[in-house]
Amino acid sequence: MRALLIIDVQQGFLDPKQPIRNNKDAESNMLRLMEHCRQKEDLVIHIQHLGTAEDSFFLSEKNRTFQKGFGPQGDEKVIQKFVNSAFIGTDLEEYLHQQDIHDLIIAGLTLPHCVSTTTRMAANLGFDVTLIEDACATYALRDPNGNWLDPQNLHYYNLAALNHEFAKIMTTQEFLDM
């Protein structure tokens, strides 16, 4: 059995103070994945970030709310986390084992942060991970000298770092066509 983890698709990422990002189609691809996995009776698990840092976009209840269409349906599980990894301080690993889940499909926001951290940890815990590259997005980041780094280049770097060692990288369409 397998599960789709949809990571942090929350209102805070729509804040106009967020820097520029790549992949404006990420959310529509995530919706397609959720629909497909629900039809296949795969588990859909929603990860929700609850920020604690003073400058977090996820301190307010409004920004913590899932974006339209990304809330759980029926008895779909929600995992609330306070750090980048969906496994730290949560019952996610235990829940996956209880459900006899070995294969994870991962998508969400943002690739260099919570998506990458969760992907790495899932692989280290022994799960077979597929990361859907175009169902994730990356925002521009500042380097240590204060220079903005291009979100598309950051996206490719993170995919390259995760490829093979931590996850199989696929597009939404490749996954849907399997």
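User: At what angle do helix 4 and helix 5 pack?

Analyst: Two packed helices are described by the angle between their axes and the distance between the axes. In this predicted model, helix 4 (residues 111–124) and helix 5 (residues 151–162) pack at about 5 degrees, with axes 11 Å apart. That makes helix 4 roughly parallel to helix 5, a term for angles under 35 degrees. Axes are lines fitted to C-alpha atoms over the stretch in contact, and angles run from 0 to 180 degrees between N-to-C directions. Helices are DSSP runs (H or I, at least four residues), as are strands (E, at least two), numbered from the N terminus.

User: Which residues of helix 4 meet helix 5?

Analyst: Contact means heavy atoms within 4.5 Å. Leu 111, Pro 112, Ser 116, Thr 119 and Arg 120 meet His 155, Asn 158, Leu 159, Ala 161 and Leu 162 of helix 5. The residues of this contact divide into 5 nonpolar, 4 polar and 1 charged.

User: Where does Thr 110 lie?

Analyst: Thr 110 is in the loop between strand 4 (103–109) and helix 4. The peptide bond from Leu 109 to Thr 110 is cis, with omega near -15 degrees.

User: What is phi of Asp 8?

Analyst: Phi is near 55 degrees, a positive value in a residue other than glycine. Asp 8 lies in the loop between strand 1 (2–7) and helix 1 (26–39).

How values were computed
Residues numbered from 1 in each chain as written. Predicted model: local features only at pLDDT ≥ 70, side-chain atom pairs only at ≥ 80, totals over all residues. Heavy atoms only, no water. Parallel < 35°, antiparallel > 145°, perpendicular 65-115°, else oblique. Nonpolar A, V, L, I, M, F, W, Y, C, P; charged D, E, K, R; others polar.
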